[in-house]
Amino acid sequence: MTKKSGSFKKPVVRKKRKTAKSVFRIRKRTQRHIQIIGILILLLLVPIIWINMNSQPSYESSSVSESPVPVVTSSVTSSTVSSKSSESAQNQSWELMLVNYQYPLKDYEPELRLVSNNSEVDVRIYDDLVKLLEAGRADGITLFPCSGYRSYELQVKLFTSKVDKLKQKGLSQEEAETTAATEVARPGTSEHITGLCADIVSIDYQRLDSGFADTETAQWLADNAWKYGFILRFPKGKEHITGVIYEPWHYRFVGKEAAREIHEKGITLEEYLEMNVS
Ligand SMILES: [Zn+2]
């Protein structure tokens, strides 16, 4: 019995001791493993965190980052423009986007909607433009948007064609380009690329010349367009600011609030932005 029990007890004790020892060893090993895994995780995390910290996008010069439409990739190259006003001018909301000889725009494709036979505009101004056309009709004025969005490529064609005609008259390449630029915007500097403007004429008078200013249609537009968020973009006497001759047919959407102020003060979009830029 005692022998039996003794021989029975011994291995139990041994086993117990062995178990305690191995448990201690396993625990130690596990602790070491945890330490190694921890170090490995740390080694993996450090470069990831570092990369993330360094790849944070800078929003300082982003123009319309909140807009769902394509971001303006303006190539502001003119050295005559102060960097402050150049950044600020492009930091406005989409309807105040500035494109002129100082702020060219090349790669830009707004979402378009057909407003007349062959004229498309940015979908976001479509409703207001239609309201303007309807208001004209209600007053007995038949408005006709004859030109809306124009791609960079189309502007290149228009400009080149004008330059070629002038060269045929004996002007040098440089002279022809300078003269052409007074009537046709140099590629990239035309506001038509924004899709936010339209050349609006009447069915009876469709020529884009100074004679249009004397029509009833031009007068009606000058008096009423602002109510629908549109401004006469290139007024008479402001050529030194806009860089464009008086164009009584060219209307630009800027939103109702800005249009009211611009109309009331008789200023240009450039002046409005200068005044409202912080
Ligand atoms: Zn125009």
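Reader: In which order do the four strands of the open sheet stand?
Author: In this predicted model, four strands form an open sheet with antiparallel pairing. Neighbouring strands of this sheet are turned by 40° against each other on average, direction ignored. The order of the strands is β3-β4-β6-β5.

Reader: Which strands stand at the edges of this sheet?
Author: An edge strand has a single partner strand, so one side of it is left without a neighbour in the sheet. The strands in this position are β3 and β5.

Reader: In β4, which residue is the bridge partner of Ser147?
Author: Strands β3 and β4 run antiparallel and are joined by four bridges. In β4, Ser147 has as its bridge partner Asp199.

Reader: What angle does the direction of α6 make with that of β4?
Author: Helix α6 packs on the sheet and touches β3, β4, β5 and β6. The direction of α6 makes with that of β4 an angle of about 140°.

Reader: Why are the buried residues of α6 on the same side of the helix?
Author: Helix α6, residues 216-224, has Thr217, Ala218 and Leu221 as its buried residues. These residues lie on the same side of α6 because the arc they cover around the axis is only 100°.

Reader: Against which strands do the buried residues of α6 pack?
Author: The buried residues in question are Thr217, Ala218 and Leu221. Their packing partners are the strands β3 (143-147), β4 (197-202) and β6 (250-253).

Reader: Which residues of α8 are exposed on the face turned away from its buried side?
Author: In helix α8, residues 256-265, the buried residues are Ala258, Ala259 and Ile262. They cover an arc of only 100° around the axis, which puts them on the same side of α8. The face turned away from that buried side carries the exposed residues Glu257, Glu264 and Lys265.

Reader: Is the crossing of α4 and α5 left-handed or right-handed?
Author: Helix α4 (residues 152-168) packs with helix α5 (residues 173-180) at an angle of about 125°, their axes being 8 Å apart. That angle makes α4 oblique to α5. The contact involves residues including Phe159 and Leu166 of α4 and, among those of α5, Gln173 and Ala176. The crossing in which α4 passes α5 is right-handed.

Reader: Which residue in β2 is the bridge partner of Leu114?
Author: Strand β1 (residues 112-116) pairs with strand β2 (residues 119-122) in the antiparallel sense over four bridges. A hairpin of two residues joins β1 to β2. The partner of Leu114 in β2 is Glu120.

Reader: Does Val115 count as buried, exposed or partly exposed?
Author: Val115 lies in strand β1. A residue is buried if 20 or more other C-beta atoms lie within 10 Å of its own, and exposed if 12 or fewer do. Because Val115 has 18 C-beta neighbours inside 10 Å, this residue counts as partly exposed.

Reader: What separates the C-alpha atoms of Val115 and Tyr126?
Author: Not counting residues up to four places away in sequence, Val115 touches Glu120, Val121, Tyr126, Leu129, Pro145 and Gly148. Val115 and Tyr126 are 11 residues apart along the chain, and the separation of their C-alpha atoms is 7.2 Å.

Conventions. Residues numbered from 1 in each chain as written. Predicted model: local features only at pLDDT ≥ 70, side-chain atom pairs only at ≥ 80, totals over all residues. Arc of directions from axis to C-beta. Contact = placed C-beta atoms within 7 Å. Pairing = 2+ DSSP bridges. Axes fitted to C-alpha atoms, helices over the stretch in contact; angles between N-to-C directions. Parallel < 35°, antiparallel > 145°, perpendicular 65-115°, else oblique. Left-handed = near helix turned anticlockwise from the far one by under 90°.
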